[in-house]
Amino acid sequence: MPHLRMKDGRRIHYEVSESVGEGEPMALVFHHGQPGAAMLWDPLVSEASRQGWHMVMLSRPGYATSDRHEGRMVADAAGDVGAVLDHLGFDRFVTIGWSGGGPHALASAALSGSRCAAAATIAGVAPYEGVDDLDWTAGMGPENVEELQALIAGDPGIEQKVAELVSSLTDIQATQLVDALGGLLSSPDKQALVGDTADFLAAWLRLAASTGPAGHWDDGQAFINDWGFELADISVPVTVWRAGEDLMVPPSHGEWLVAHIPGATARLEPDEGHISLMFSHFGEIVDQLAADAGAS
């Protein structure tokens with residue numbers, strides 16, 4: 001696994017694909033969900049390569065073999081991304097964030113200046129702190145409601161519950177995903193969790209959980225506290241993708257983001273779920289990102 005040593009001494013695990021394109025090297029920085037890790041998958045990489053882009057992924061601190069950054073904010077992701085791109089020699093990039101990766105993609109868009117050409121969120125979560133016009137857990141499956149409400153309330157037992165959840169993922173298999181995710185899966189998501197997609201997601205979760213619960217825990221804290229940047233400061237094109245049948249991050253989060261990100265474009269897929277949106281529409285999402293980058 002390739003790693004980069006940061007100025008503060010932390011190691012960041014990253015992965016980068018080759019590109020079959022020509023011209024200026026461009027990175028597609030993909031921010032994984034919660035939990036997640038840097039793991040390339042050929043069907044996604046091929047969509048980036050079709051645009052001549054290299055796909056770059058970082059395991060956020062505390063996931064896989066990336067060292068923990070206790071107390072990190074969402075905004076800190078932009079600095080980690082910038083350091084890895086400097087190391088790899090990419091001057092410009094576009095970015096996508098899926099689910100819990102959504103806020104981190106927005107941080108990169110807000111804090112990277114003209115280096116970031118465009119951004120997209122796929123079923124990305126909205127801020128919690130300071131937001132009074134969004135019922136944050138409304139429409140979520142019961143497992144997410146329980147965990148997030150306990151985090152918000154500071155339930156003294158929630159850290160142990162998170163640790164048990166992550167521990168249960170360390171050897172999860174594709175055939176166990178539907179039962180493990182339970183009330184978080186809508187019908188389109190259950191239909192999507194088959195074959196190679198299920199195999200990849202299971203392997204992704206195993207890698208994310210392999211070194212313990214710190215990444216998952218720190219993500220949760222980062223989401224419900226100050227993100228460290230203002231959405232109003234985003235000046236690059238952003239497309240907000242949301243799924244009408246999403247029980248993990250309901251489409252109301254996407255609606256809120258569209259209303260608060262300057263010039264954001266809304267894309268709603270009413271018949272998709274959290275997982276099916278990502279894997280059924282990734283090519284379309286990349287095409288829209290390329291169009292946005294070309295217009296910026």
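In these legends Ala, Val, Leu, Ile, Met, Phe, Trp, Tyr, Cys and Pro count as nonpolar, Asp, Glu, Lys and Arg as charged, and the others, Gly among them, as polar. The views show a predicted model.

**View A. Overview of the protein chain, with 11 helices and eight strands.**
The C-alpha trace spans about 50 × 40 × 40 Å along its principal axes. A compact globule of 296 residues would have a radius of gyration near 19 Å, and the 17 Å of the protein chain agrees with this. Of the 296 residues, 57% are buried.

**View B. The largest cavity, with a volume of about 120 Å³.**
Two cavities of 30 Å³ or more are found in a search of the whole structure. The largest cavity has a lining of 17 residues, and those nearest its centre are Leu58, Arg60, Pro61, Ala77 and Asp80. At least two lining residues come from each of S3 and helix H2 (76-88). H2 makes the largest contribution to this lining, with four residues. Sorted by class, the lining holds nine nonpolar, four polar and four charged residues.

**View C. The second largest cavity, with a volume of about 40 Å³.**
Here 13 residues form the lining, and Ala123, Gly124, Arg242, Pro250 and Gly254 lie nearest the centre. Strand S7 (238-243) and helix H10 (251-260) are the elements that give two or more residues to the lining of this cavity. The largest share, four residues, is supplied by S7. Seven of the lining residues are nonpolar, four are polar and two are charged.

**View D. The largest pocket, holding about 930 Å³ of space.**
Two or more lining residues come from each of helix H4 (142-153), helix H5 (158-167), helix H6 (177-181), helix H8 (195-209), helix H9 (214-224) and helix H11 (274-295). H4 provides the largest share of the lining, namely six residues. The lining comprises 24 nonpolar, 11 polar and five charged residues.

**View E. The second largest pocket, holding about 210 Å³ of space.**
This pocket has 13 lining residues, with Pro127, Glu129, Phe229, Glu230 and Leu231 nearest its centre. Its lining divides into seven nonpolar, three polar and three charged residues.

**View F. Helix H8, largely enclosed by the rest of the structure because 11 of its 15 residues are buried.**
The buried residues of H8 are Thr197, Ala198, Phe200, Leu201, Ala202, Ala203, Trp204, Leu205, Leu207, Ala208 and Ala209. At 1.5 Å a residue, the 15 residues of H8 should span 21 Å, and the 22 Å between its end C-alpha atoms agrees with that expectation. H8 is also one of the elements that give two or more residues to the lining of the largest pocket.

**View G. Aromatic pairs, of which a search of the whole structure finds 10.**
A pair of aromatic rings is described by the distance of the centres and the angle of the planes. The ring centres of Trp41 and Phe279 are 5.6 Å apart and the ring planes stand at 75°; planes over 60 degrees apart count as edge-to-face, so this pair is edge-to-face. Trp41 lies in the loop between strand S3 (26-31) and helix H1 (42-50), whereas Phe279 lies in helix H11; the pair, 238 residues apart, thus links distant parts of the chain. Trp41 and Phe279 are both buried.

The rings of Phe200 and Trp204 have centres 4.9 Å apart and planes at 35°, so that pair is tilted. Phe200 and Trp204 are separated by about one helical turn because they are four residues apart in helix H8. An α-helix has 3.6 residues a turn, so residues three or four places apart point the same way. Residues under 20% relative accessible area are buried. Phe200, at 6% relative accessibility, therefore counts as buried. Trp204, at 4%, likewise counts as buried.

**View H. One aromatic cluster, formed by Phe30, Trp41, Trp98, Phe200, Trp204, Phe279 and Phe282.**
The cluster includes Trp41 and Phe279, whose rings make an edge-to-face pair. Phe200 and Trp204 also belong to the cluster, and their rings make a tilted pair.

Key:
Residues numbered from 1 in each chain as written. Predicted model: local features only at pLDDT ≥ 70, side-chain atom pairs only at ≥ 80, totals over all residues. Heavy atoms only, no water. 1 Å grid on protein atoms, 1.4 Å probe; cavity = no way out; pocket = protein on both sides within 12 Å on 5 of 7 lines; lining within 4 Å. Points joined across faces, edges and corners; volume = space filled by probe spheres on them. Expected span 1.5 Å × (residues − 1). Buried < 20%, exposed > 50% of the residue type's maximum accessible area, 1.4 Å probe, protein only. Phe/Tyr/Trp six-rings, centres within 6.5 Å; stacked < 30°, edge-to-face > 60°. Rg over C-alpha atoms; globule rule 2.2 N^0.38 Å.
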